[in-house]
Amino acid sequence: MLRTLSRMKRFLLAFTLLFICLFTALLMSYEWLTVKFANQYLASYDTQITKLSIRPRSLTQWHFANVSLEVKDSDIQITDLELTLAPTFSLLNFSPDQIAKISLGKVDVALNPAVFTDEGKNVDQQGPTVALDIAQLPQIEIGPTTLTLKNRTTNPLKLVLAHLTLDNQGSLSSLITQEGETLLSMDAKLSDTKWAFSTSVVFEQVQTLLNNIAKQPLNNKALSTLILIKQRVDELGLQLSGTLNSQAELNLKTAQLRSNHELIDTELKLTQLADLVITPETSPTPTSNKPNHTAKFTINGHIADLSLSLKPFSIAVAPEYLQQVALRSLIQNKSLHEMIELLHPDNKATSFNPLSMKFELNEPLNYSFAERKLQSPKIQLTIENEMLSAKALLQTLNLTLDSETQGAELEGDWSLNTVTKKRLELTPILPEQLFSYALELAKTTSELKGKVKAKSNKIGTELSLSLDKTTLFHSEELMLHEPMSQEHSNREDAIPMTMSIKSLSLHTHSPINLNHSKDTISIELPSLTLALGPVNYDHKQPSSKTKEVSFSANNLSFHTDAPSYLSATKYSTDNEPEVLAIKFNGSIFSLSSEGINFLDKKMSKTEGLAPLPSQFQLRRQTCSHWIGSS
C-alpha cells in the first residue's frame with residue numbers, strides 16, 4: 001500500500017513538472033507566434049517587433065512587460081504596456097473598437113538620424129494609412145517617453161514626452177519637456193466636426209532645441225530652412241524669451257479657423273546692440289493699473305484665406321550709453337550721421353545724454369496671407385532727449401507684397417511734429433566754404449504732414465512724397481557769426497561778423513510733391529511765405545576799404561504766388577560719361593520789407609591818422625516791395 005502511494009506521488013510530481021514545461025513552452029510559443037503574426041501585418045509599415053514579453057492577467061487584461069520595436073531603423077522600447085479589452089471581446093471576430101484602454105508605462109525612442117534627411121520626410125508616402133475615427137478610439141495613456149538620436153554619444157539630443165492621454169471622447173493632453181523644463185504643453189478636444197486646441201510654447205526651450213539640432217552631425221536637408229533661419233537669427237544677435245499661449249478652434253466641415261494668441265513676458269534681446277531689450281506692453285486693464293508685458297494677435301478665416309490681426313501694443317526703450325554707441329554704428333550714411341549728432345550729440349566722457357523712444361500701435365494691424373496685404377490705421381513713433389522732442393505718425397497704411405515680381409507697394413498718410421529744446425549748433429552741416437562760420441538755431445517747432453507712395457521691384461524703386469499745404473516751420477532765432485581769430489582777439493574793437501534773425505517762420509500754401517523713378521527726380525515746390533524779422537547784420541572791416549557794414553530790418557517777407565518745378569535727369573551712353581540735366585521753372589515771387597537800416601563806412605585813405613570815414617546810411621520806414629520772376 002505504501003509502495004502504491006509513493007508511486008502515485010512520483011507520478012503526480014512528474015505530471016506537474018510536465019504540465020509546467022508544456023505551459024511554459026506553450027506560452028513561449030504563443031509569444032513567438034504573436035510576434036510572427038504581428039510582423040507580417042507590420043511589414044508594410046516598415047515596422048518589426050524584435051522582443052515581446054506577455055503576462056496575461058485575464059482574457060480582457062493583458063500585461064506586456066517589455067515590447068521592443070524597430071520602426072524605419074528607429075528603436076522603440078516599451079515597458080509595462082497594459083491592454084484592456086472590452087467585455088464583448090471576441091478572438092474570432094476581433095476589431096480595434098474592442099480595445100477599451102491602452103496604457104504605456106515608459107517609452108524609450110532612439111530615432112534614426114535619417115528622419116532629418118529628405119528620405120525621412122516621405123514617411124506618409126510609404127505603405128497604407130489608417131483613418132482616424134475619434135469615436136472608435138480606445139482610452140490611451142502614455143507615460144514618460146524619451147526621444148534621443150540613435151548611436152549619438154556626443155552632443156546628445158534628448159526630449160521627453162512627460163505624458164500623453166487620449167480618450168474616446170476626444171480629450172487629448174500632452175506635455176513635452178527638455179532638460180527638465182517645459183517646451184510645449186497641449187490640451188485638445190477632438191470631435192468629428194470640430195477640433196479645439198490650447199497650447200503653450202516656451203521660447204527659451206525652442207531656442208535650446210534649435211541649438212541642439214544644429215550641433216548634430218546630420219545631413220539636415222529636411223531641416224535646411226529651419227537651420228538657415230536659426231543661423232540668420234544668430235547673425236543678427238537675436239535672443240527671444242517668454243511664452244506663447246494659444247487657443248484655436250477648427251471647424252472640420254467649413255474649414256474655418258478661429259484662434260487667439262498671447263505673448264506672455266516676452267523679451268527680445270539684441271546682443272549686437274549691447275544687449276538692448278525690447279519688450280511689448282499693452283495698456284493697463286481695469287483690474288490692474290500697471291501695463292502688461294504682453295502682446296496679442298488672432299489668426300482667423302478659412303484655412304485657404306487666413307488673416308492675422310495684431311492687437312494694439314507699445315514698445316518703449318531707453319538705450320544706455322553703450323547701446324546708443326551701438327545704434328550709431330549701424331548708420332553708414334555720413335550726412336545722416338552728422339544730422340543725428342546735431343540732434344543727439346555724443347557727450348562721450350563728459351555726461352550721459354539720455355534718450356527714450358516709444359513705438360505705439362494704436363489700432364489693430366491686419367494682414368491677409370492670401371492677398372499678402374498689410375493694413376494699419378495708425379502707427380506712432382516718439383523720440384525724446386535733451387535736445388529734441390519728435391513724434392512721427394503713419395496712418396491708413398497699405399502695404400502689398402507681390403511674390404511673382406518680388407516687389408512691394410506702399411501707400412499711406414504721414415505726419416511729423418518736432419520741437420527743439422536747446423540751441424542747435426548747425427555748423428557741421430555747412431558747406432566746406434563756410435566752415436569758418438558758426439550757425440546756431442534757437443528753439444524751433446515744425447508741423448509737417450502729407451502722403452507717401454512707393455513701389456519697388458527688381459528693376460528699381462519709385463517714390464512719391466507729398467506735404468500738405470498746412471506745413472509750418474518756426475524758429476525763435478537763427479544766428480550766423482564768424483568766430484574771432486587769434487590775431488584779432490586782443491584788439492578792443494575786434495568784433496566778428498554776426499547776423500541774427502530773431503524770428504523765422506515758413507508757411508506753405510500748396511502741397512510739396514516729390515517723385516523719384518529710375519533716372520529722374522522731380523519736385524513740385526509749393527507756393528509759400530517766408531517771414532523773417534527783426535533781422536540784424538553787422539560786419540567789422542569786411543575788406544581793406546570798408547570799416548563796417550551793418551543792416552537791419554524790422555520785417556522781411558518772401559512770397560511765391562504759385563508752385564515752382566525742379567527736375568533732374570541722369571543720362572548715360574556707352575562711350576560717354578554720365579550727364580545730369582537740371583531744369584528749374586520758378587514761380588513769380590514778391591519780397592516785402594519794413595523798417596530797413598543800412599550803414600556802409602569806408603576806410604580813411606591816410607593810414608595811421610584818425611579815420612575820417614565817409615558814411616552812407618539808408619533808412620526806410622515805409623514798406624518796400626520787390627516783384628520778380630525766374
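I take a nonpolar core to be a set of buried Ala, Val, Leu, Ile, Met, Phe, Trp, Tyr and Cys residues joined through side-chain atoms within 4.5 Å, where buried means under 20% relative accessible area, exposed over 50%, and partly exposed in between (1.4 Å probe, protein chains only). I note that this is a predicted model, in which local features need pLDDT of at least 70 and side-chain atom pairs count only at pLDDT 80 or more, while totals for chains, interfaces and linings use all residues. Residues are numbered from 1 along each chain as its sequence is written, and side-chain values use heavy atoms, with hydrogens and water left out.

Entry on the cores. I looked up the largest nonpolar core and found 19 residues, with Ile 49, Leu 52, Phe 64, Ile 78 and Leu 83 having the most contacts inside it. At least two residues of this core come from each of helix H1 (2–42) and strands E1 (47–56), E2 (61–71), E3 (74–85) and E4 (99–111); helices (H or I, at least four residues) and strands (E, at least two) are DSSP runs, numbered from the N terminus. E3 gives the largest share, five residues. For Phe 64 I listed contacts (heavy atoms within 4.5 Å), and, leaving aside residues up to four places away in sequence, Phe 64 touches Leu 52, Ser 53, Ile 54, Thr 79, Asp 80, Leu 81 and Leu 83. Apart from this core lies another, of 15 residues, including Leu 426, Leu 441, Ile 501 and Leu 504.

Entry on the charged pairs. I searched the whole structure for salt bridges, each a side-chain nitrogen of Lys or Arg within 4 Å of a carboxyl oxygen of Asp or Glu, and the search gave 13. Glu 141 pairs with Lys 101, their closest N and O atoms being 3.9 Å apart; because Glu 141 lies in strand E5 (residues 139–142) and Lys 101 in strand E4, this pair ties together parts that are 40 residues apart in sequence.

Within helix H3 (residues 224–236), Arg 232 and Glu 235 are three residues apart, about one turn of the helix, and form a salt bridge with the closest N and O atoms 3.1 Å apart.

Glu 440 forms a salt bridge with Arg 423 at 3.6 Å between the closest N and O atoms. I noted that Glu 440 counts as buried at 13% relative accessibility, whereas Arg 423, at 36%, counts as partly exposed. Salt bridges that share partners join Arg 423, Glu 440, Glu 477 and Lys 502 into one network.
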